Amino acid sequence: MPHDKIQYLVLDRRDPGANIARFYVLSIEASLFGDVALIREWGRIGTVGQRTTELHESEGSAMEALEVWLHRKQRRGYVARSGGR
């Protein structure tokens, strides 16, 4: 996979007044069976959280799915975590 594309993205949503501190991770990895996997992890910051894997036939379809999830999460207030946090 080319390195100029998003392969790993960490989002978070924080609102101390509402006691919200959540994370969402989107990553694309090769599977053992030759497919491409979109891995989604989410939960409260400081916990292990949950994880699910979606298999896709091509990197293109995995990237499209990643973009769909990214837009969904951005609409809900998640922002990309900066590298220094």
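The legends below describe close-up views of a predicted model.

**View 1**
His56 belongs to strand β4, which spans residues 50-56. With a relative accessibility of 14%, His56 counts as buried, because the cut-off for buried is under 20%. The side chains of His56 and Glu54 are joined by a polar contact of 3.5 Å. Leaving aside residues up to four places away in sequence, His56 touches Asp35, Val36, Leu38, Ser61, Ala62 and Ala65.

**View 2. The aromatic pair of Tyr24 and Trp42.**
The structure has three aromatic pairs. One of them is formed by Tyr24 and Trp42, and this pair is stacked, with 6.0 Å from centre to centre and 15° between the planes. Tyr24 is in strand β2 (residues 20-30) and Trp42 is in strand β3 (residues 36-44), so the pair ties together parts that are 18 residues apart in sequence.

**View 3. The aromatic pair of Tyr24 and Trp69.**
Tyr24 counts as buried, at 3% relative accessibility. Tyr24 also forms a stacked aromatic pair with Trp69, at 6.3 Å centre to centre and 20° between the planes. Tyr24 in strand β2 and Trp69 in helix α1 (residues 59-75) are 45 residues apart, and the pair links these distant parts of the chain. Trp69 has a relative accessibility of 18% and counts as buried.

**View 4. The aromatic cluster and the arginines over Trp69.**
One aromatic cluster is made up of Tyr24, Trp42, Trp69 and Tyr78. Arg40 lies over the face of Trp69, 3.8 Å from the ring centre. Arg72 also lies over the face of Trp69, at 4.4 Å from the ring centre.

Terms used: Residues numbered from 1 in each chain as written. Predicted model: local features only at pLDDT ≥ 70, side-chain atom pairs only at ≥ 80, totals over all residues. Heavy atoms only, no water. Helix = DSSP H or I, 4+ residues; strand = E, 2+ residues; numbered from the N terminus. Buried < 20%, exposed > 50% of the residue type's maximum accessible area, 1.4 Å probe, protein only. Polar contact = N/O pair within 3.5 Å; in protein donor to acceptor, adjacent residues only side chain to side chain. Contact = heavy atoms within 4.5 Å. Phe/Tyr/Trp six-rings, centres within 6.5 Å; stacked < 30°, edge-to-face > 60°. Lys NZ or Arg CZ within 6 Å of the ring centre and 35° of its normal.
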